[in-house]
Amino acid sequence: MKIKLISLQVILVLIAGSSIYGQAGKIFTEADYKRAVEMLYGNVARFIDNDIQPQWLQDNRLWYCVKSGSKVEYRMFNPANGKILVAGSEKELMEKATVSQEEVKTMANEVLSPDGQYR
């Protein structure tokens with residue numbers, strides 16, 4: 001009899017405990033979902049300056065575009081000597097760095113179209 005009573009008490013405690021913990025989860029509202037959507041990349045991208053994407057050349061130099069507000073600069077870094085060239089356009093940068101158009105078109109992370117005109 002004593003064992004049955006203890007078993008019944010254990011079962012009641014487990015049932016009561018599971019119902020208490022089952023209701024403890026946070027209920028999310030529509031406002032919570034709207035706030036989460038505002039944090040997705042597409043909505044915060046407008047606040048990000050300097051989203052730099054380096055482009056490697058065959059000779060291990062790299063160039064990238066720096067956008068800050070309305071200002072745009074093109075920079076080329078040479079790891080061999082640690083120097084950085086700066087220009088106002090991609091074309092100007094390639095001319096300053098004496099990079100051929102062929103080398104620009106065949107960067108390591110790009111695939112050219114079969115006729116070589118598009119990247």
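# Notebook: salt bridges, a sheet and a ring pair

**Entry 1: Arg61**

I started at Arg61 and looked up its relative accessible area, which is 12%, so I wrote it down as buried. A reminder to myself: this is a predicted model.

Next I asked which side chain Arg61 meets in a salt bridge. I found Asp59, at 2.7 Å from N to O. Asp59 has a relative accessible area of 39%, so I put it down as partly exposed. My cut-offs here were under 20% for buried and over 50% for exposed.

**Entry 2: the whole chain**

I stepped back to look at the chain. I noted 119 residues, and buried ones make up 18% of them. The chain exposes about 9,700 Å², and 60% of that comes from carbon and sulfur atoms.

Then I went through the elements. The chain has 5 helices and 4 strands. Reading from the N terminus, I get α-α-α-β-β-β-β-α-α.

I also checked contacts between residues at least 6 apart in sequence. Of these, 20% join residues at least 24 apart.

How many salt bridges does the count come to? It comes to 5. My note on the general idea: side chains of opposite charge can pair when their charged atoms come close.

I looked at Arg35 and Asp32 next, whose closest N and O atoms are 2.4 Å apart in their salt bridge. Both sit in helix H2 (residues 30–38), and because they are 3 residues apart there, about one helical turn separates them.

Glu73 has 16% relative accessibility, so I marked it as buried. I also found that Lys71 and Glu73 belong to a network of salt bridges together with Arg75.

**Entry 3: the sheet**

I traced the strands and got an open sheet of 4, in the order E1-E2-E3-E4, with antiparallel pairing. Which strands stand at the edges? They are E1 (55–56) and E4 (83–87); each has a single partner strand, so one side of each has no neighbour in the sheet.

For the background, I jotted down that strands of a sheet pair through backbone hydrogen bonds, either parallel or antiparallel. I then took a look at E3 with E4, and they pair in the antiparallel sense over 5 bridges. One residue I followed up was Tyr74, whose bridge partner in E4 is Ala87.

**Entry 4: aromatic rings**

Tyr74 got me thinking about rings. I found 2 aromatic pairs in the structure. In one of them, Trp63 and Tyr74 have ring centres 6.4 Å apart and planes at 35°, so I logged the pair as tilted. The cut-offs I needed for that: planes under 30 degrees apart count as stacked and over 60 as edge-to-face.

**Entry 5: putting Tyr74 together**

How values were computed. Residues numbered from 1 in each chain as written. Predicted model: local features only at pLDDT ≥ 70, side-chain atom pairs only at ≥ 80, totals over all residues. Heavy atoms only, no water. Phe/Tyr/Trp six-rings, centres within 6.5 Å; stacked < 30°, edge-to-face > 60°. Pairing = 2+ DSSP bridges. Helix = DSSP H or I, 4+ residues; strand = E, 2+ residues; numbered from the N terminus. Buried < 20%, exposed > 50% of the residue type's maximum accessible area, 1.4 Å probe, protein only. Contact = heavy atoms within 4.5 Å. Areas by Shrake-Rupley, 256 points an atom, 1.4 Å probe, with all protein chains shown as cover. Salt bridge = Lys/Arg side-chain N within 4 Å of Asp/Glu carboxyl O.
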